[in-house]
Amino acid sequence: MTIRLLIVDDDPLVRAGLTLMLGGAEDLEIVGEGADGREVPELVTRFAPDVVLMDIRMPHVDGLTATERLRAEPGAPEVVVLTTFHADEQVLRALRAGAAGFVLKDTPPAEIVAAVRRVAAGDPVLSPAVTRQLMSHVAGQPEQSPRSAAAGRLAELADREREVAVAVGRGLSNAEIAAELYMSVPTVKTHVSRVLAKLGLNNRVQIALLVHDAGLLTTGGDEDGRN
């Protein structure tokens, strides 16, 4: 399957560099480019990308606002945020808005290609280590949902769905969740889909943030020891 990719960044050199670096991947097709978030709706309609690689800081409509607007639409493509910071507050807001993850602008091309492939396949971009870093950063955010409210939302889930949600929050892949909870990968995918539908979320990253807000993620321990 060819993954259709839209690049949105206000720096023409960055766009040219990304196009050059990513255009060589056989399964990626750069279908269009944009210089500002206000162009995103029209570009998405015109080019029907599977994934949008979106700069977060742009002069007129920033990547955060563009992501919020785009992900609110049915059938919207996945969004991967481009940033220069690991734990930037705006990145966290973009993830809450529905972005599937983020990559640093100085990330090696092969890793950016891998991130786009993962997002297109429905898997999270964030590694467990980066997920923990983000969770630690967001813990001090005054705007995060009260713990009781987050826990109340998770209480709507069946026990098995809640177990899967917590595993997603720990950054586990579908295969890792299947092995840990003794279920098949298709069953894991079904549970994840039900969690997203019941909670009105867009992707796995938002599940992780909600699980964190509910106080269900631990620091250190077994997740640090995973390979």
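This is a predicted model: local features need pLDDT of at least 70, side-chain atom pairs count only at pLDDT 80 or more; totals for chains, interfaces and linings use all residues.

**The sheet and its surroundings**

Mentor: Five strands form an open sheet in the order S2-S1-S3-S4-S5, and the pairing is parallel. Its edges are strand S2 (28-34) and strand S5 (101-104), each of which pairs on one side only. Neighbouring strands are turned by 25 degrees against each other on average, direction ignored. In general, strands of a sheet pair through backbone hydrogen bonds, either parallel or antiparallel.

Now take strand S3. In the strand order, S3 stands between S1 and S4. With S1 it pairs in the parallel sense over four bridges. Val51 has Glu78 in S4 as its bridge partner. For Asp55, the bridge partner in S4 is Leu82.

How many of the five residues of S3 are buried? Five of the five are, so S3 is largely enclosed by the rest of the structure. The cut-off for buried is under 20% relative accessible area. Both faces of the strand are covered. Val51, Leu53 and Asp55 are buried on one side. Val52 and Met54 are buried on the other.

Next, the core. The largest nonpolar core has 27 residues. Val8, Val40, Val52, Met54, Leu70, Val79 and Val81 touch the most other members. Several elements supply at least two residues each. The strands are S1 (3-8), S3, S4 and S5. The helices are H2 (40-47), H3 (63-71), H4 (89-97) and H11 (204-213). Look at Val40 for a local view. Leaving out residues up to four places away in sequence, Val40 touches Val8, Met54, Ala66 and Leu70. Apart from this core lies another, of 23 residues, with Leu154, Val164, Ala167 and Ala214 among them.

Helix H4 is worth a stop. Its buried residues include Val91, Leu92, Ala94, Leu95 and Ala97. Gly98 follows H4, and its phi is positive, near 125 degrees.

Then turn to H11, which also packs against helix H8 (residues 159-169). The two helices meet at an angle of about 100 degrees, with their axes 8 Å apart. That makes H8 roughly perpendicular to H11. From H8, the contact takes in Ala165, Val166, Val168 and Gly169. From H11, it takes in Arg204, Ile207, Ala208 and Val211. By type, the residues of this contact divide into six nonpolar, one polar and one charged.

Finish at Ser148, in helix H7 (residues 147-154). Is Ser148 buried or exposed? Its relative accessibility is 60%, so Ser148 counts as exposed. Ser148 and Ala214 are 66 residues apart in sequence, yet 6.7 Å apart in space, C-alpha to C-alpha. Ala214 itself is one of the 23 residues of the other core.

Notes:
Residues are numbered from 1 along each chain as its sequence is written. Side-chain values use heavy atoms; hydrogens and water are left out. Two strands pair if DSSP finds at least two bridges between them. Axes are lines fitted to C-alpha atoms, for helices over the stretch in contact, and angles run from 0 to 180 degrees between N-to-C directions. A nonpolar core is a set of buried Ala, Val, Leu, Ile, Met, Phe, Trp, Tyr and Cys residues joined through side-chain atoms within 4.5 Å. Buried means under 20% relative accessible area, exposed over 50%, partly exposed in between (1.4 Å probe, protein chains only). Contact means heavy atoms within 4.5 Å. Angles under 35 degrees count as roughly parallel, over 145 as roughly antiparallel, 65 to 115 as roughly perpendicular and the rest as oblique. Ala, Val, Leu, Ile, Met, Phe, Trp, Tyr, Cys and Pro count as nonpolar, Asp, Glu, Lys and Arg as charged, and the others, Gly among them, as polar.
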